[in-house]
Amino acid sequence: MTDARFEDGREAPLNLGALDTEDLKVIASLTQDAVFPITEMKWDRPAKRFGLLLNRFRWEEGPARAVSPERVQSVLAFDMVTAVASSGIDRGDKDLILSILDISFEAGESPSGDVLLTLAGDGAIRLKVEAIEATLRDVTKPYNAPSGKTPNHPD
């Protein structure tokens, strides 16, 4: 047996799944303030998959985030998506950067419904789904947040 090393205590990349509204709330809390270029939003209609490559703020860092705020690139994917709609987004602006404020589920005939991604600036993306099936996976190492600040939401 060997002693534990400091390096062994580092957090592993997130790799989470959501199959119900409670799971989706966890993913929503971890993706709040994530930013992504509009060009990193894709819907694969035949595969019924919608995905985003986003730069996620690492809320899970707790108090350490105030000292050294970090972001990490993550893939947020939804399966069983039958339709995608957006509002308040200029889809023709290829330089547009979007920011997630919240992710919620509006139930339809069980287990179907709509996943709603609420964006800063009054934008929204609505995904019609057969059921909740989402994944959030970190795909890079964390990096220092370019702003050097923790996102702030004044009341």
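Predicted model: local features only at pLDDT ≥ 70, side-chain atom pairs only at ≥ 80, totals over all residues.
For the protein chain as a whole, pLDDT averages 90, and 89% of the residues score at least 70.

**Helix α1**

Helix α1 covers residues 21–31, and its buried residues are L24, I27, A28, L30 and T31. Viewed down the axis of α1, these buried residues fall within an arc of 165°, so they line one face of the helix. An α-helix has 3.6 residues a turn, so residues three or four places apart point the same way.

The buried residues of α1 pack against several strands, among them β7. The table gives the residue ranges of others that these buried residues pack against.

| Strand | Residues |
|---|---|
| β1 | residues 15–18 |
| β4 | residues 49–57 |
| β5 | residues 70–79 |
| β10 | residues 134–138 |

At the start of α1, the backbone nitrogen of E22 has a side-chain oxygen of D20 within 3.1 Å. Just after the helix, D33 has a positive phi of about 75°.

**L101 in strand β7**

Strand β7 spans residues 97–107 and contains L101. L101 counts as partly exposed because its relative accessibility is 32%, which lies between the limits of 20% for buried and 50% for exposed. In sequence, L101 and T31 are 70 residues apart, while their C-alpha atoms are 7.9 Å apart in space. Leaving aside residues up to four places away in sequence, L101 touches Q32, D33, T118, L119, A120 and H153.

Key. Residues numbered from 1 in each chain as written. Heavy atoms only, no water. pLDDT = per-residue confidence, 0-100. Helix = DSSP H or I, 4+ residues; strand = E, 2+ residues; numbered from the N terminus. Buried < 20%, exposed > 50% of the residue type's maximum accessible area, 1.4 Å probe, protein only. Contact = heavy atoms within 4.5 Å. Arc of directions from axis to C-beta. Polar contact = N/O pair within 3.5 Å; in protein donor to acceptor, adjacent residues only side chain to side chain.
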